[in-house]
Amino acid sequence: MDIQVTQAGQEATIVFKGSFAIAVAQRVRKTLQAVLQKGAKTLTIDFSGVDYIDSSSIATFIELLQKLQANGGSMRIVGASTRVREIFDLMGLTPLFAFD
């Protein structure tokens, strides 16, 4: 999993490339926590390079969304493939996230 973060003040874009699986969930969680600690409140999550995401990784994004919303922030997911969107759909989570 390759992770690239660009942050300017309260806005951050995080680009992921590769497959999300339990083996990378902790690394992703630490990266996202660091972005929040640096003051980001508006996140764009770029999934255009993601070919798979598992439930443990989705749980990481649910936690992130809850933290952001509790502090008046927001998150949107861009570039998600049909396969990745279907996983969110099957879990009944699509309504929780803003997809572009």
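## Basis of the description

Helices (H or I, at least four residues) and strands (E, at least two) are DSSP runs, numbered from the N terminus. By that assignment, Phe 99 belongs to strand E5.

The model is predicted, with local features requiring pLDDT of at least 70 and side-chain atom pairs counted only at pLDDT 80 or more, while totals for chains, interfaces and linings use all residues. Residue numbers start from 1 along each chain as its sequence is written, and side-chain values use heavy atoms, with hydrogens and water left out.

## The sheet

An open sheet of mixed pairing is formed by five strands in the order E1-E2-E3-E4-E5; two strands are taken to pair if DSSP finds at least two bridges between them. Its edge strands, E1 (2-8) and E5 (98-99), each pair on one side only.

E1 and E2 are antiparallel and share seven bridges, with Thr 13 in E2 as the bridge partner of Thr 6. Two residues lie between the strands of this hairpin, where Gly 9 adopts a positive phi near 65 degrees. E3 (residues 42-52) and E4 (residues 74-78), by contrast, pair in the parallel sense over five bridges; there, Asp 46 has Val 78 in E4 as its bridge partner.

Helix H1 (residues 22-37) lies across E1, E2 (11-19) and E3, and runs at about 5 degrees to E1. Such angles run from 0 to 180 degrees between N-to-C directions, with axes as lines fitted to C-alpha atoms, for helices over the stretch in contact.

## Surroundings of Phe 99

Phe 99 counts as buried because its relative accessibility is 16%, where buried means under 20% relative accessible area, exposed over 50% and partly exposed in between (1.4 Å probe, protein chains only). Neighbours within four places in sequence aside, Phe 99 is in contact with Ile 77, Ala 80, Arg 85, Phe 88 and Thr 94; contact means heavy atoms within 4.5 Å. Ile 77 is 22 residues from Phe 99 along the chain, yet their C-alpha atoms are separated by 4.8 Å.

## The cavity

A cavity is a set of points on a 1 Å grid over the protein atoms alone where a 1.4 Å probe fits but cannot get out, and its lining residues have an atom within 4 Å of a point. Grid points are joined across faces, edges and corners, and a volume is the space filled by probe spheres set on the points. One cavity of 30 Å³ or more is counted, and the largest cavity holds about 60 Å³ of space.

Its lining consists of Arg 29, Leu 32, Gln 33, Leu 36, Thr 60, Glu 63, Leu 64 and Lys 67. H1 and helix H2 (55-70) each supply at least two residues of that lining.

Note on methods. 1 Å grid on protein atoms, 1.4 Å probe; cavity = no way out; pocket = protein on both sides within 12 Å on 5 of 7 lines; lining within 4 Å.
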